[in-house]
2 protein chains.
Amino acid sequence: MTETAPGRRGPKRSEQSRSAILAAAFEVTAEVGYRALTVEGIALRAGVGKQTVYRWWPSKADVLLEALAVRADVEVSVDDRGSYRVELEEFCRDSFALLSVPGVAAALRGLMAEAQLGPDFGTRFRSGFLQRRRAALAEVLRRAHERGDAPHVAPDELVTDLVFGAIWYRLLATDRPLSETDVSALCDLLGAAPAAP
Amino acid sequence: MTETAPGRRGPKRSEQSRSAILAAAFEVTAEVGYRALTVEGIALRAGVGKQTVYRWWPSKADVLLEALAVRADVEVSVDDRGSYRVELEEFCRDSFALLSVPGVAAALRGLMAEAQLGPDFGTRFRSGFLQRRRAALAEVLRRAHERGDAPHVAPDELVTDLVFGAIWYRLLATDRPLSETDVSALCDLLGAAPAAP
(Lines give C-alpha, C1' and ligand atoms only; values in the text may rest on other atoms or scores of the structure.)
Protein backbone atom coordinates (compact mmCIF):
# COMPACT_ATOMS: atom_id res chain seq x y z
CA MET A 1 0.00 0.00 0.00
CA THR A 2 1.26 3.47 -0.83
CA GLU A 3 2.05 5.59 2.19
CA THR A 4 -0.11 8.72 2.27
CA ALA A 5 -0.29 11.65 4.63
CA PRO A 6 -3.83 12.47 5.81
CA GLY A 7 -5.73 14.56 3.30
CA ARG A 8 -2.98 14.33 0.69
CA ARG A 9 -3.48 13.03 -2.81
CA GLY A 10 -0.26 11.24 -3.42
CA PRO A 11 2.58 9.48 -1.67
CA LYS A 12 4.52 11.09 1.17
CA ARG A 13 5.99 14.34 0.00
CA SER A 14 9.61 15.39 0.14
CA GLU A 15 9.71 18.25 2.63
CA GLN A 16 12.36 20.01 0.57
CA SER A 17 10.24 19.97 -2.60
CA ARG A 18 7.18 20.98 -0.63
CA SER A 19 8.89 24.04 0.87
CA ALA A 20 10.30 25.02 -2.52
CA ILE A 21 6.87 24.74 -4.15
CA LEU A 22 5.10 26.76 -1.45
CA ALA A 23 7.75 29.52 -1.57
CA ALA A 24 7.65 29.54 -5.38
CA ALA A 25 3.86 29.96 -5.36
CA PHE A 26 4.15 33.28 -3.47
CA GLU A 27 7.09 34.49 -5.54
CA VAL A 28 5.40 33.90 -8.87
CA THR A 29 2.10 35.37 -7.63
CA ALA A 30 3.97 38.50 -6.50
CA GLU A 31 5.55 38.82 -9.94
CA VAL A 32 2.72 38.02 -12.35
CA GLY A 33 -0.46 38.20 -10.26
CA TYR A 34 -2.95 35.47 -9.44
CA ARG A 35 -4.59 35.14 -12.86
CA ALA A 36 -1.33 34.62 -14.73
CA LEU A 37 -0.04 32.16 -12.13
CA THR A 38 0.17 28.59 -13.47
CA VAL A 39 1.18 25.23 -12.03
CA GLU A 40 3.89 25.17 -14.73
CA GLY A 41 5.24 28.49 -13.48
CA ILE A 42 5.31 27.29 -9.88
CA ALA A 43 7.07 24.05 -10.86
CA LEU A 44 9.66 25.86 -12.97
CA ARG A 45 10.49 28.28 -10.15
CA ALA A 46 10.64 25.47 -7.58
CA GLY A 47 12.87 23.34 -9.79
CA VAL A 48 10.50 20.39 -9.86
CA GLY A 49 8.40 18.76 -12.56
CA LYS A 50 4.81 19.86 -13.14
CA GLN A 51 3.66 16.34 -12.25
CA THR A 52 5.30 16.67 -8.82
CA VAL A 53 2.99 19.60 -8.09
CA TYR A 54 -0.09 17.82 -9.45
CA ARG A 55 0.71 14.71 -7.42
CA TRP A 56 0.10 16.66 -4.22
CA TRP A 57 -2.24 19.52 -5.14
CA PRO A 58 -5.15 19.50 -7.61
CA SER A 59 -4.68 23.14 -8.73
CA LYS A 60 -2.64 26.34 -8.37
CA ALA A 61 -5.28 27.58 -5.93
CA ASP A 62 -4.69 24.58 -3.67
CA VAL A 63 -0.92 25.19 -3.65
CA LEU A 64 -1.51 28.79 -2.57
CA LEU A 65 -4.09 27.68 0.01
CA GLU A 66 -1.51 25.52 1.74
CA ALA A 67 1.18 28.19 1.41
CA LEU A 68 -1.11 30.77 3.04
CA ALA A 69 -2.25 28.46 5.83
CA VAL A 70 1.34 27.56 6.75
CA ARG A 71 2.52 31.16 6.56
CA ALA A 72 -0.36 32.45 8.71
CA ASP A 73 0.24 29.75 11.34
CA VAL A 74 3.88 30.79 11.55
CA GLU A 75 3.51 34.57 11.42
CA VAL A 76 0.33 35.31 13.35
CA SER A 77 1.08 34.87 17.03
CA VAL A 78 -1.42 33.26 19.37
CA ASP A 79 1.13 32.97 22.19
CA ASP A 80 0.04 33.63 25.77
CA ARG A 81 1.04 37.21 26.64
CA GLY A 82 -0.96 37.32 29.85
CA SER A 83 -3.44 39.93 28.50
CA TYR A 84 -6.36 39.78 26.07
CA ARG A 85 -5.74 43.31 24.84
CA VAL A 86 -2.09 42.59 24.07
CA GLU A 87 -2.90 39.29 22.35
CA LEU A 88 -5.81 40.70 20.32
CA GLU A 89 -3.70 43.61 19.12
CA GLU A 90 -0.81 41.30 18.29
CA PHE A 91 -3.16 38.98 16.39
CA CYS A 92 -4.55 41.87 14.32
CA ARG A 93 -1.15 43.49 13.72
CA ASP A 94 0.39 40.18 12.62
CA SER A 95 -2.56 39.45 10.34
CA PHE A 96 -2.31 42.84 8.66
CA ALA A 97 1.49 42.56 8.42
CA LEU A 98 1.05 39.27 6.59
CA LEU A 99 -0.87 41.12 3.88
CA SER A 100 2.22 43.13 3.01
CA VAL A 101 4.35 40.03 2.31
CA PRO A 102 4.83 40.00 -1.50
CA GLY A 103 2.23 37.80 -3.16
CA VAL A 104 0.03 37.31 -0.09
CA ALA A 105 -2.63 39.96 -0.76
CA ALA A 106 -2.92 38.93 -4.42
CA ALA A 107 -3.13 35.26 -3.39
CA LEU A 108 -5.87 35.93 -0.82
CA ARG A 109 -7.92 37.94 -3.31
CA GLY A 110 -7.51 35.24 -5.94
CA LEU A 111 -8.47 32.41 -3.59
CA MET A 112 -11.52 34.20 -2.22
CA ALA A 113 -12.63 34.74 -5.82
CA GLU A 114 -12.05 31.06 -6.70
CA ALA A 115 -13.98 30.06 -3.58
CA GLN A 116 -17.03 32.00 -4.82
CA LEU A 117 -16.88 30.58 -8.34
CA GLY A 118 -16.10 26.95 -7.54
CA PRO A 119 -18.02 25.27 -4.70
CA ASP A 120 -15.48 22.42 -4.32
CA PHE A 121 -12.55 24.74 -3.86
CA GLY A 122 -14.80 26.94 -1.69
CA THR A 123 -15.23 24.05 0.75
CA ARG A 124 -11.48 23.42 0.84
CA PHE A 125 -10.70 27.12 1.31
CA ARG A 126 -13.14 27.41 4.22
CA SER A 127 -11.87 24.37 6.07
CA GLY A 128 -8.20 24.72 5.16
CA PHE A 129 -7.80 28.45 5.64
CA LEU A 130 -10.78 30.48 6.84
CA GLN A 131 -11.82 28.12 9.63
CA ARG A 132 -8.20 27.67 10.60
CA ARG A 133 -7.77 31.44 11.07
CA ARG A 134 -11.00 31.58 13.11
CA ALA A 135 -9.69 28.74 15.28
CA ALA A 136 -6.50 30.71 15.94
CA LEU A 137 -8.47 33.73 17.18
CA ALA A 138 -10.77 31.43 19.16
CA GLU A 139 -7.68 30.30 21.08
CA VAL A 140 -6.98 33.91 22.12
CA LEU A 141 -10.62 34.35 23.18
CA ARG A 142 -10.71 31.03 25.05
CA ARG A 143 -7.64 31.97 27.07
CA ALA A 144 -9.11 35.41 27.82
CA HIS A 145 -12.30 33.81 29.18
CA GLU A 146 -10.22 31.50 31.39
CA ARG A 147 -8.15 34.46 32.54
CA GLY A 148 -11.29 36.56 32.94
CA ASP A 149 -10.00 39.64 31.08
CA ALA A 150 -12.21 39.54 27.98
CA PRO A 151 -14.88 42.23 28.41
CA HIS A 152 -18.16 40.98 26.99
CA VAL A 153 -18.94 43.49 24.26
CA ALA A 154 -20.38 40.98 21.79
CA PRO A 155 -20.62 37.21 21.37
CA ASP A 156 -17.28 35.60 20.45
CA GLU A 157 -18.63 34.59 17.04
CA LEU A 158 -19.47 38.20 16.20
CA VAL A 159 -16.13 39.49 17.52
CA THR A 160 -14.45 36.96 15.23
CA ASP A 161 -16.63 38.03 12.28
CA LEU A 162 -15.75 41.68 12.89
CA VAL A 163 -11.99 41.11 13.06
CA PHE A 164 -11.88 39.00 9.90
CA GLY A 165 -14.63 41.05 8.27
CA ALA A 166 -12.55 44.22 8.61
CA ILE A 167 -9.44 42.52 7.23
CA TRP A 168 -11.21 40.92 4.27
CA TYR A 169 -13.44 43.88 3.39
CA ARG A 170 -10.48 46.26 3.32
CA LEU A 171 -8.58 43.80 1.14
CA LEU A 172 -11.37 42.96 -1.29
CA ALA A 173 -13.37 46.17 -1.45
CA THR A 174 -10.95 49.05 -0.89
CA ASP A 175 -7.43 50.23 -1.62
CA ARG A 176 -6.87 51.31 1.96
CA PRO A 177 -4.68 48.93 3.97
CA LEU A 178 -5.47 48.77 7.69
CA SER A 179 -3.19 51.16 9.58
CA GLU A 180 -1.77 51.08 13.10
CA THR A 181 -4.47 53.60 14.04
CA ASP A 182 -7.17 51.30 12.67
CA VAL A 183 -5.83 48.35 14.66
CA SER A 184 -5.85 50.37 17.88
CA ALA A 185 -9.35 51.72 17.21
CA LEU A 186 -10.62 48.21 16.43
CA CYS A 187 -9.11 46.80 19.63
CA ASP A 188 -10.51 49.72 21.65
CA LEU A 189 -13.95 49.07 20.18
CA LEU A 190 -13.83 45.36 20.88
CA GLY A 191 -13.76 46.38 24.49
CA ALA A 192 -10.33 45.35 25.60
CA ALA A 193 -9.00 47.71 28.23
CA PRO A 194 -5.55 49.07 27.36
CA ALA A 195 -2.79 46.85 28.71
CA ALA A 196 -0.91 48.07 31.77
CA PRO A 197 2.38 49.71 30.75
CA MET B 1 -25.59 63.82 -32.15
CA THR B 2 -26.82 60.70 -30.44
CA GLU B 3 -28.42 61.34 -27.07
CA THR B 4 -26.60 59.47 -24.29
CA ALA B 5 -27.20 59.19 -20.59
CA PRO B 6 -24.10 59.87 -18.47
CA GLY B 7 -21.83 56.85 -18.18
CA ARG B 8 -23.88 54.77 -20.61
CA ARG B 9 -22.45 53.09 -23.70
CA GLY B 10 -25.26 53.50 -26.14
CA PRO B 11 -28.18 55.73 -26.99
CA LYS B 12 -30.94 56.49 -24.47
CA ARG B 13 -32.38 53.28 -23.17
CA SER B 14 -36.01 52.31 -23.14
CA GLU B 15 -36.99 52.24 -19.48
CA GLN B 16 -39.23 49.26 -20.08
CA SER B 17 -36.44 47.17 -21.63
CA ARG B 18 -34.04 48.29 -18.92
CA SER B 19 -36.36 47.18 -16.10
CA ALA B 20 -37.04 43.88 -17.84
CA ILE B 21 -33.31 43.23 -18.28
CA LEU B 22 -32.44 44.06 -14.67
CA ALA B 23 -35.25 41.86 -13.32
CA ALA B 24 -34.29 39.03 -15.67
CA ALA B 25 -30.66 39.17 -14.47
CA PHE B 26 -31.73 38.35 -10.89
CA GLU B 27 -34.22 35.70 -11.97
CA VAL B 28 -31.75 33.80 -14.12
CA THR B 29 -29.01 34.09 -11.48
CA ALA B 30 -31.40 32.66 -8.88
CA GLU B 31 -32.16 29.73 -11.18
CA VAL B 32 -28.79 28.78 -12.63
CA GLY B 33 -26.20 30.56 -10.45
CA TYR B 34 -23.70 33.23 -11.38
CA ARG B 35 -21.28 31.09 -13.39
CA ALA B 36 -23.95 29.71 -15.71
CA LEU B 37 -25.55 33.13 -16.21
CA THR B 38 -25.07 34.49 -19.74
CA VAL B 39 -26.04 37.66 -21.57
CA GLU B 40 -28.02 35.42 -23.94
CA GLY B 41 -29.97 33.99 -20.98
CA ILE B 42 -30.74 37.45 -19.64
CA ALA B 43 -31.88 38.69 -23.06
CA LEU B 44 -34.09 35.65 -23.64
CA ARG B 45 -35.80 36.05 -20.25
CA ALA B 46 -36.24 39.80 -20.75
CA GLY B 47 -37.68 39.32 -24.25
CA VAL B 48 -35.05 41.49 -25.94
CA GLY B 49 -32.22 40.79 -28.36
CA LYS B 50 -28.72 40.02 -27.10
CA GLN B 51 -27.46 43.14 -28.87
CA THR B 52 -29.88 45.27 -26.84
CA VAL B 53 -28.11 44.12 -23.69
CA TYR B 54 -24.63 44.62 -25.14
CA ARG B 55 -25.57 48.10 -26.34
CA TRP B 56 -25.93 49.24 -22.74
CA TRP B 57 -23.73 46.91 -20.66
CA PRO B 58 -20.34 45.41 -21.55
CA SER B 59 -20.91 42.11 -19.68
CA LYS B 60 -23.31 40.04 -17.55
CA ALA B 61 -21.44 41.31 -14.48
CA ASP B 62 -22.23 44.91 -15.41
CA VAL B 63 -25.94 44.12 -15.83
CA LEU B 64 -25.99 42.60 -12.34
CA LEU B 65 -23.98 45.51 -10.93
CA GLU B 66 -26.65 47.96 -12.05
CA ALA B 67 -29.46 45.65 -10.91
CA LEU B 68 -27.89 45.40 -7.44
CA ALA B 69 -27.20 49.12 -7.13
CA VAL B 70 -30.79 50.01 -8.04
CA ARG B 71 -32.25 47.37 -5.76
CA ALA B 72 -30.10 48.40 -2.79
CA ASP B 73 -31.00 52.09 -3.26
CA VAL B 74 -34.69 51.16 -3.21
CA GLU B 75 -34.70 48.59 -0.41
CA VAL B 76 -32.15 49.87 2.08
CA SER B 77 -33.68 52.81 3.89
CA VAL B 78 -31.64 55.89 4.76
CA ASP B 79 -34.72 57.89 5.74
CA ASP B 80 -34.57 60.23 8.72
CA ARG B 81 -36.11 58.40 11.71
CA GLY B 82 -34.94 60.92 14.28
CA SER B 83 -32.51 58.47 15.94
CA TYR B 84 -29.10 57.06 14.96
CA ARG B 85 -29.80 53.74 16.66
CA VAL B 86 -33.06 53.27 14.79
CA GLU B 87 -31.54 54.26 11.46
CA LEU B 88 -28.40 52.12 11.90
CA GLU B 89 -30.47 49.08 12.82
CA GLU B 90 -32.83 49.68 9.90
CA PHE B 91 -29.87 50.06 7.53
CA CYS B 92 -28.36 46.76 8.71
CA ARG B 93 -31.66 44.89 8.73
CA ASP B 94 -32.57 46.11 5.24
CA SER B 95 -29.10 45.22 3.94
CA PHE B 96 -29.31 41.68 5.35
CA ALA B 97 -32.90 41.30 4.10
CA LEU B 98 -31.70 42.17 0.60
CA LEU B 99 -29.41 39.14 0.71
CA SER B 100 -32.40 36.83 0.94
CA VAL B 101 -33.98 38.13 -2.29
CA PRO B 102 -33.56 35.28 -4.82
CA GLY B 103 -30.42 35.79 -6.89
CA VAL B 104 -28.95 38.62 -4.83
CA ALA B 105 -26.51 36.65 -2.65
CA ALA B 106 -25.27 34.66 -5.66
CA ALA B 107 -24.92 37.87 -7.68
CA LEU B 108 -22.93 39.63 -4.93
CA ARG B 109 -20.59 36.65 -4.54
CA GLY B 110 -20.09 36.45 -8.30
CA LEU B 111 -19.41 40.17 -8.71
CA MET B 112 -16.97 40.33 -5.79
CA ALA B 113 -15.12 37.42 -7.40
CA GLU B 114 -15.07 39.15 -10.81
CA ALA B 115 -13.83 42.32 -9.14
CA GLN B 116 -10.80 40.45 -7.79
CA LEU B 117 -9.97 38.76 -11.08
CA GLY B 118 -10.54 41.66 -13.46
CA PRO B 119 -9.19 45.08 -12.47
CA ASP B 120 -11.42 46.99 -14.93
CA PHE B 121 -14.59 45.48 -13.59
CA GLY B 122 -13.15 45.88 -10.08
CA THR B 123 -13.00 49.64 -10.59
CA ARG B 124 -16.59 49.74 -11.87
CA PHE B 125 -17.84 47.54 -9.00
CA ARG B 126 -16.19 49.76 -6.39
CA SER B 127 -17.53 53.02 -7.78
CA GLY B 128 -20.91 51.71 -8.94
CA PHE B 129 -21.79 49.56 -5.96
CA LEU B 130 -19.39 49.42 -3.01
CA GLN B 131 -18.79 53.18 -2.75
CA ARG B 132 -22.47 53.80 -3.32
CA ARG B 133 -23.38 51.61 -0.34
CA ARG B 134 -20.75 53.37 1.79
CA ALA B 135 -22.22 56.72 0.75
CA ALA B 136 -25.67 55.56 1.90
CA LEU B 137 -24.37 54.69 5.37
CA ALA B 138 -22.35 57.93 5.44
CA GLU B 139 -25.68 59.77 5.09
CA VAL B 140 -26.97 58.08 8.28
CA LEU B 141 -23.74 58.96 10.10
CA ARG B 142 -23.73 62.56 8.84
CA ARG B 143 -27.27 63.10 10.10
CA ALA B 144 -26.37 61.54 13.46
CA HIS B 145 -23.45 63.95 13.87
CA GLU B 146 -25.72 66.90 13.06
CA ARG B 147 -28.29 65.58 15.52
CA GLY B 148 -25.56 64.79 18.06
CA ASP B 149 -26.72 61.25 18.86
CA ALA B 150 -23.86 59.24 17.34
CA PRO B 151 -21.66 58.07 20.22
CA HIS B 152 -18.02 58.19 19.17
CA VAL B 153 -16.90 54.58 19.50
CA ALA B 154 -14.66 54.56 16.42
CA PRO B 155 -13.93 56.79 13.40
CA ASP B 156 -16.79 56.81 10.86
CA GLU B 157 -14.60 55.09 8.28
CA LEU B 158 -13.97 52.17 10.62
CA VAL B 159 -17.64 51.93 11.64
CA THR B 160 -18.46 51.73 7.93
CA ASP B 161 -15.79 49.07 7.37
CA LEU B 162 -17.17 47.02 10.26
CA VAL B 163 -20.78 47.12 9.07
CA PHE B 164 -19.94 46.16 5.49
CA GLY B 165 -17.12 43.89 6.62
CA ALA B 166 -19.54 41.82 8.71
CA ILE B 167 -22.05 41.60 5.86
CA TRP B 168 -19.48 40.64 3.21
CA TYR B 169 -17.44 38.28 5.38
CA ARG B 170 -20.54 36.33 6.41
CA LEU B 171 -21.61 36.14 2.78
CA LEU B 172 -18.25 35.19 1.27
CA ALA B 173 -16.63 33.16 4.02
CA THR B 174 -19.41 31.40 5.94
CA ASP B 175 -22.76 29.72 5.53
CA ARG B 176 -24.25 31.61 8.45
CA PRO B 177 -26.57 34.44 7.46
CA LEU B 178 -26.66 37.38 9.87
CA SER B 179 -29.55 36.95 12.31
CA GLU B 180 -31.73 39.46 14.13
CA THR B 181 -29.60 38.79 17.22
CA ASP B 182 -26.43 39.56 15.27
CA VAL B 183 -27.87 42.85 14.02
CA SER B 184 -28.81 43.90 17.56
CA ALA B 185 -25.40 42.88 18.94
CA LEU B 186 -23.64 44.76 16.14
CA CYS B 187 -25.69 47.91 16.76
CA ASP B 188 -25.11 47.62 20.53
CA LEU B 189 -21.38 47.33 19.91
CA LEU B 190 -21.26 50.30 17.58
CA GLY B 191 -22.25 52.28 20.60
CA ALA B 192 -25.71 53.46 19.76
CA ALA B 193 -27.88 53.70 22.86
CA PRO B 194 -31.18 51.81 22.49
CA ALA B 195 -33.87 54.02 21.03
CA ALA B 196 -36.55 55.31 23.38
CA PRO B 197 -39.69 53.16 23.08
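Modeller: Let us begin with B:Arg134, which lies in helix α7 of chain B. Helices here are DSSP runs of H or I with at least four residues, strands are runs of E with at least two, and both are numbered from the N terminus. Please note that this is a predicted model: local features need pLDDT of at least 70, side-chain atom pairs count only at pLDDT 80 or more, and totals for chains, interfaces and linings use all residues. Residues are numbered from 1 along each chain as its sequence is written, chains are lettered from A and ligands numbered from 1 in the order in which they are written, and side-chain values use heavy atoms, with hydrogens and water left out.

Colleague: Is B:Arg134 buried or exposed?

Modeller: B:Arg134 is buried, with a relative accessible area of 7%. Buried means under 20% relative accessible area, exposed means over 50%, and partly exposed is in between (1.4 Å probe, protein chains only).

Colleague: Which residues is B:Arg134 in contact with, leaving aside neighbours within four places in sequence?

Modeller: From chain A there are A:Tyr169 and A:Arg176, and from chain B there are B:Glu157, B:Thr160, B:Asp161 and B:Phe164. Contact means heavy atoms within 4.5 Å. With B:Asp161, the side chain of B:Arg134 makes a polar contact of 2.9 Å. A polar contact is a pair of N or O atoms within 3.5 Å; within protein, one must be able to donate a hydrogen and the other to accept it, and residues adjacent in sequence count only if both atoms are side-chain atoms.

Colleague: Which side chain meets B:Asp161 in a salt bridge?

Modeller: That is A:Arg176, at 3.1 Å from N to O. The rule for a salt bridge is a side-chain nitrogen of Lys or Arg within 4 Å of a carboxyl oxygen of Asp or Glu. Across the interface of chain B and chain A, the rule finds eight salt bridges.

Colleague: Which elements of chain B give two or more residues to the side that touches chain A?

Modeller: They are α6 (104-117), α7 (119-147), α8 (156-173) and α9 (180-189) of chain B. The largest share, 13 residues, comes from α8(B).

Colleague: How much area do chain B and chain A bury between them?

Modeller: About 3,200 Å², with 63% of it on carbon and sulfur atoms. Buried area is the accessible area (1.4 Å probe) that two parts lose on being put together, summed over both. In chain B, the residues that lose the most area to chain A are B:Leu117, B:Tyr169 and B:Leu189, together 23% of what that side buries. In terms of residues, 34 of chain B are in contact with 34 of chain A.

Colleague: Changing topic, which residues of α9 in chain A are buried?

Modeller: In helix α9 (residues 180-189) of chain A, they are A:Asp182, A:Val183, A:Ala185, A:Leu186, A:Cys187 and A:Leu189. Their cover includes α5 (84-98) and α8 (156-173) of chain A, together with α8 and α9 of chain B. Just after α9(A), A:Gly191 takes a positive phi of about 90°.

Colleague: How many helices and strands are there in chain A as a whole?

Modeller: Chain A has nine helices and zero strands. Of its 197 residues, 52% count as buried. The C-alpha trace of chain A spans about 55 × 40 × 30 Å along its principal axes.
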